Amino acid sequence: MVCANDTMYEALVPFWPWLAGQCRISRGGNDTCFLEGLLGPLLPSLPPLGPSPLCLTPGPFLLGMLSQLPRCQSSVPAIAHPTRLHYLLRLLTFLLGPGAGGAEAQGMLGRALLLSSLPDNCSFWDAFRPEGRRSVLRTIGEYLEQEEEQPTPPGLEPTVNPSSGISKMELLACFSPLLWDLLQREKSVWALQILVQAYLHMPPENLQQLVLSAEREAAQGFLTLMLQGKLQVPPSEEQALGRLTALLLQRYPRLTSQLFIDLSPLIPFLAVSDLMRFPPSLLVNDSVLAAIRDYSPGMRPEQKEALAKRLLAPELFGEVPAWPQELLWAVLPLLPHLPLESFLQLSPHQIQALEDSWPAAGLGPGHARHVLRSLVNQSVQDGEEQVRRLGPLACFLSPEELQSLVPLSDPMGPVERGLLECAANGTLSPEGRVAYELLGVLRSSGGAVLSPQELQVWAPLFPQLGLRFLQELSEPQLRAMLPVLQGASVTPAQAVLLLGRLLPRHDLSLEELCSLHLLLPGLSPQTLQAIPRRVLVGACSCLAPELSRLSACQTAALLQTFRVKDGVKNMGTTGAGPAVCVPGQQPVPTTWPDCLLPLLPLKLLQLDSLALLANRRHYRELPWSEQQAQFLWKKMQVPTNLTLRNLQALGTLAGGMSCEFLQQINSMVDFLEVVHMIYQLPTRVRGSLRACIWAELQRRMAMPEPEWTTLGPELNGLDSKLLLDLPIQLMDRLSNESIMLVVELVQRAPEQLLALTPLHQAALAERALQNLAPKETPLSGEVLETLGPLVGFLGIESTRQIPLQILLSHLSQLQGFCLGETFATELGWLLLQESVLGKPELWSQDEVEQAGRLVFTLSTEAISLIPREALGPETLERLLEKQQSWEQSRVGQLCRGPQLAAKKAALVAGVVRPAAEDLPEPVPNCADVRGTFPAAWSATQIAEMELSDFEDCLTLFAGDPGLGPEELRAAMGKAKQLWGPPRRFRPEQILQLGRLLIGLGDRELQELILVDWGVLSTLGQIDGWSSTQLRVVVSSFLRQSGRHVSHLDFIHLTALGYTLCGLRPEELQHISSWEFSQAALFLGTLHLQCSEEQLEVLAHLLVLPGGFGPISNWGPEIFTEIGTIAAGIPDLALSALLQGQIQGLTPLAISVIPPPKFAVVFSPTQLSSLTSAQAVAVTPEQMAFLSPEQRRAVAWAQHEGKESPEQQGRSTAWGLQDWSRPSWSLVLTISFLGHLL
């Protein structure tokens, strides 16, 4: 634009003379071609360059020039030309591509590169004018920011070209030190940010190679630039920034105090192991402690714990009781992270000296209780002022302490509001005794006296308000609370009540329905009928996050809403093939909302390949189930010559990839690329595909081709998710660097570790330990911190290598980990050693608090020896709360821990049992139940409770799975005193009672009104009915509804759930195979208490017309779909299953096959084909019936042994198409050279 505008050109040239050269050609200054104008000044003084060879055939001409470079080297000026020439040649390697000009030309290029790299390049940028350097930075930054797209074949979505990322990595690998030098000259924060972002997106192994191969001074200079640039990165990239920082730190021979201070803005992003490379002596430096104080808000708890433990080194500050006030203030952010046993050594004087600082320190329960013992004085009159000064510490006061300091009375008082904030941030348990005191204040004052805005602060205790209190609130009050409620804060019974009250019966708008999305789990026949289908379709996006909280029956009812049109049920779907129809009914096309597609049973998912390809943009991002993805993969008839880009375009649909498709990939590199792509999908890799991947990999490694002979760079360079999933037998072949990548992944995403089998977890833990510490040497604290969650799966010998003092200082971390059975048992023994916590009969409250939830690693006998004095009401409540919080956490739910009922009963025995044999059993109030747990109390004690106390704790009783038959009957007796006979129970009351309904007698069960599917599904979700009760429930429903078994549809079959087993075999035969084949998706997730004969009838329904057809034709997706119903497949049919079919069985289905049948139907060969998850699901009872050869086959599958010989006669080879090298190098070369002198 400047060159073409005479006025602008003439105005700018006096200030920027370089414009004259830049615009010479375009303004007609001479007829030299563009490339000659760029390259002429750069190349050595050779015969004049004519426009013809350089412009018309630049590739051959430049290769010819290379042949003359060695003889020209001596005539080139000392620095400028060789240096610039070296980088030109680097760029030409990208321009010309691999293999250009043949081996001879490539050899010349290599020699020229070597010669041009010999002179010192530190003055390279002196050859550029300032505006040229800035332009180079701008060009490179813009290139790194852009996403390159290539032409997309018809029918596929545009995808990012994989080679774009490869080329960018090549650019960074070659020119990073050069760019760092340029950045130091230009101080471009924008370019620095772009460059760092590119590094953060590089694979860890490539980034490590780049940094460690750079010169030390260059790496140190770049770290200085990062610190000066005040980089901003999103939370998702903070760990990658920490990894980059740690790599740069490795280039420093000594880590000094000043370096720590300079680095302090990046300290929060470092891994604990990297932070521990700084010497402990740094902590005696006041400036270092000041830096920790300034940046501690951004540091992670594990970082603070690691630094806090360093404070305990005796050579630094001496023993904790001797620490002066100045030191305590200086290290205040670290004090809450001291091991509890060390924190308990702080004296009352030391604690009182920091009185004003403790409230904001972020103390945990054990630390806070120790502080409160020194700060709270219950004998003085200024109780309210004391509580006010305590601030967040008041969250940890006991009900007794609160009662003596400031009795709770005002629902909007400052103390009460402060405690409600504790409940909102999770510090105060909504089910605890203090929360109960707060609820008492609200109930006594009545909710009607509070404005809607005032009522909002009580949202954290909403689930504990029950039903009666909600019925007293007005509609404006209820609507005002909805925005502040989290989804889990509404019980299903409350959701039914609220949705029934707040859902408009007429003219419901999309906005109104979306405002009620949190109440979707309250869907009932009445409310579903009130929602127009067009509104449901429009609300798909806002309802989608709540769909996973629906019950199976609610999901079925929602699907049925779209299958019924004008009173006619749809038997097929758009794009379906021949549908199986019930006589007299015609298929009606159904268009499903996107959010419901992942919920569809296979029988309703009749999309064909044309429909899939036509709507790929929608389908590729949906979270398809395993069986849906397999089903759709078959429907698409994916061609064997599909490229990686085409596979990526399939999105989550690629998760249904068949083993045969993988086996046809010819190249090992292509195979690994596809595997990498599969593991990057947001959906989980199904067990059979995982087994296929690793079996195929081992087969290829055993082949004689050179690229497959070892686990080389291809596997060591795999993504850490793949390495984590590597079969046990292959772990020892990984490099130490790869193992550490897995350890890092486990640290930041422990739930991925918990998805593995116990044997896999143990093998991985031992392999990681082998990498960190020599065998049979004591394990340091740093090793334990590096292992992180893997510690919980160490074996006996490795666990005993942990020094007892180090174990004691790491108890707080261990409380957050999932502990395998072996480690937990060994830990329970170690805790009782004299140098740890000692004999249980000598424990005090301090030992109990130090052990925390690890007390459940002790034996039941050891727990029963703990003195009553050490287990006061407050200590006991905190301990049980901590265990319950862990069990309800994401990691706790995935952890396959032992049943703790007996240990919990032993723990609370001193509270629930009389102090002496001649004393009566104590009668609990609701506070006592909240301080323990409902199943701790006997049926007699429950029956003698005050009715108001029982009502206040009804939600807890209904949710405790540990209540036995007598306790359930006693609790149900109290419920009948509250609400009258069962025939008067309303649907929301039945839902609130939950498991307590098992306590009803047979006649009382018959009185329940079970006409609609909402109430029926409440009973169908309960496991634990007696066979008589099952019969009563199902017969009562059939009688009240007037239905015959043959008329049970998709919804009601799903609603029956466990109670389906109340039907006799001859009755089950009348169930519609079409309807049952849809309900099988939901029923197959249950461990049905049906007899073998009943299960065989149910399985037979699936092979009838309207079902899935003959078993021999079933794909693995059908076995996965029907779940536990597969246990009813006849013996002969099971024994004839092929490997692919067997691997479709769910682990739960494996475990419920009767042991004698399991031993008869599966041969050793079939058992050896089980996936590791299936093999681990085999029960001890099943193993007892197996022959020695069968048991060996199961163990072999559990340990992921070698696969059987590979199949012969595979179809023609298939390989991924090569990607052409992108044109970035040409563009970048021209821009790069355009600013050279």
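Is Arg 389 buried, partly exposed or exposed? Arg 389 is partly exposed, with a relative accessible area of 38%; buried means under 20%, exposed over 50% and partly exposed in between, with a 1.4 Å probe and protein chains only. This is a predicted model, in which local features need pLDDT of at least 70 and side-chain atom pairs count only at pLDDT 80 or more, while totals for chains, interfaces and linings use all residues. Residues are numbered from 1 along each chain as its sequence is written, and side-chain values use heavy atoms, with hydrogens and water left out.

**Confidence**

- The average pLDDT of the chain is 80, and 78% of the residues score at least 70; pLDDT is the predictor's confidence in each residue, from 0 to 100.
- Residues 111-128 stay under 50 in pLDDT, and the model gives this stretch 42 contacts beyond four places in sequence (contact means heavy atoms within 4.5 Å).
- Residues 570-587 also have a pLDDT below 50, with 38 contacts in the model beyond near neighbours in sequence.
- Where pLDDT is low, the predicted coordinates should not be read in detail.

**Salt bridges**

- The structure holds 32 salt bridges, each defined as a side-chain nitrogen of Lys or Arg within 4 Å of a carboxyl oxygen of Asp or Glu.
- One of them joins Glu 401 to Arg 369, with the closest N and O atoms 2.9 Å apart.
- This pair links distant parts of the chain, 32 residues apart: Glu 401 is in helix α24 (residues 399-405) and Arg 369 in helix α22 (residues 365-375). Helices (H or I, at least four residues) are DSSP runs, numbered from the N terminus.
- Glu 401 counts as buried because its relative accessibility is 12%, and Arg 369 counts as buried because its value is 10%.
- Arg 389 forms a salt bridge with Glu 385, at 3.9 Å between the closest N and O atoms. Both residues lie in helix α23 (residues 383-390), 4 residues apart, or about one turn of the helix.
- Glu 385 is partly exposed, at a relative accessible area of 30%.
- Glu 546 and Arg 549 meet through their side chains in a salt bridge of 2.7 Å, N to O. Glu 546 is buried at 7% relative accessibility, whereas Arg 549 is partly exposed at 29%.
- A network of salt bridges links Glu 400, Arg 433, Glu 874, Glu 877 and Arg 878.

**Helix packing**

- Helix α41 (residues 668-679) packs with helix α42 (residues 687-701) at an angle of about 160 degrees, their axes being 12 Å apart. Axes are lines fitted to C-alpha atoms, for helices over the stretch in contact, and angles run from 0 to 180 degrees between N-to-C directions.
- The two helices, α41 and α42, are therefore roughly antiparallel to each other, a term for angles over 145 degrees.
- Residues of α41 that meet α42 include Phe 671, Leu 672 and Val 675, and those on the α42 side include Ile 693, Trp 694 and Leu 697.

**Burial of α30**

- Helix α30 (residues 492-502) is mostly covered, with 8 of its 11 residues buried. Among them are Ala 493, Gln 494, Val 496 and Leu 502.
- The cover over the buried residues of α30 includes α28 (468-472), α29 (475-481), α32 (525-529) and α63 (987-993).

**Thr 1028**

- Thr 1028 lies in helix α66 (residues 1027-1041) and is partly exposed at 43% relative accessibility.
- Thr 1028 and Gly 1062 are 34 residues apart in sequence, and their C-alpha atoms are 7.8 Å apart in space.

Terms used
Angles under 35 degrees count as roughly parallel, over 145 as roughly antiparallel, 65 to 115 as roughly perpendicular and the rest as oblique.
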